[in-house]
Amino acid sequence: NVTGMQTGQNGMPGTSYSCPGAYDGMYYLHVAEETHYGTPQAYLACITGIMEGDVITASFWGYDVTEGASPSWRIWGHYSDATSCPECPGSYTGSAGGSDVYTDGLGWGIVENTWTLPALGADQTALVIEGRLYSTPSTCDSCRTDYWADLVTVTVPDHCSVSFPDGGPSATESSTWGGIKSLYR
């Protein structure tokens, strides 16, 4: 969790770029990929109490200044067996898919997706919302790419609960976005 202007590396050693500050409020999330390999992700929220037919919508703002190229973000999800451990996200039990739209490269940009849940397996008791990271080059042992995200929004049916990193508030509890972001300090 960071505040103010941040400077990070944009892929290859010696390349840098800056994020001017949070999209909303004071605090925002910083993650980094080092070394580049595969498609890493940041877990942004975990929804428990899910059932077949549920409609769940999630979005977040990602910082991206490389229009039509990487680094960029997109929103994705996977199913988890939250009963296998005391805290979400639990184990990976299958992809939930996501959006094929990436951040637009014009600064702060929103990515969002709506999932209508299919018939779920017995081990699919949670939906984990991911911010997927895409870097250039996609594989590189000496590369680092910094990413920033803000204003995670999740809409769920009343019977579901949403957890944010560090045991954040449930969707059934009143909270402000500023209160949620302060958990990341």
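Which pattern does the protein chain follow, read along the sequence?

Figure 1. Read along the sequence, the pattern is β-β-β-β-β-β-β-β-β-β-β-β-α. The protein chain thus listed has one helix and 12 strands (DSSP runs, H or I of at least four residues for helices and E of at least two for strands, numbered from the N terminus). Residues are numbered from 1 along each chain as its sequence is written. In this predicted model, local features need pLDDT of at least 70 and side-chain atom pairs count only at pLDDT 80 or more, while totals for chains, interfaces and linings use all residues; side-chain values use heavy atoms, with hydrogens and water left out.

**Figure 2. Confidence along the protein chain.** The average pLDDT (the predictor's confidence in each residue, from 0 to 100) is 88, and 87% of the residues score at least 70. Strand E9 (residues 107–116) has the highest confidence, at 98, and helix H1 (residues 177–181) the lowest, at a mean of 53. Over residues 167–175 pLDDT stays under 50, and the model has 15 contacts beyond four places in sequence for them (contact: heavy atoms within 4.5 Å).

Figure 3. His-36 is buried, because its relative accessible area is 1% (buried: under 20%, 1.4 Å probe, protein chains only). Its side chain makes polar contacts with the side chains of Ser-135 (3.4 Å) and Thr-145 (2.8 Å). A polar contact is a pair of N or O atoms within 3.5 Å; within protein, one must be able to donate a hydrogen and the other to accept it, and residues adjacent in sequence count only if both atoms are side-chain atoms. Not counting residues up to four places away in sequence, His-36 also touches other residues, including Gly-11, Pro-137 and Cys-140.

Methods. Buried < 20%, exposed > 50% of the residue type's maximum accessible area, 1.4 Å probe, protein only.
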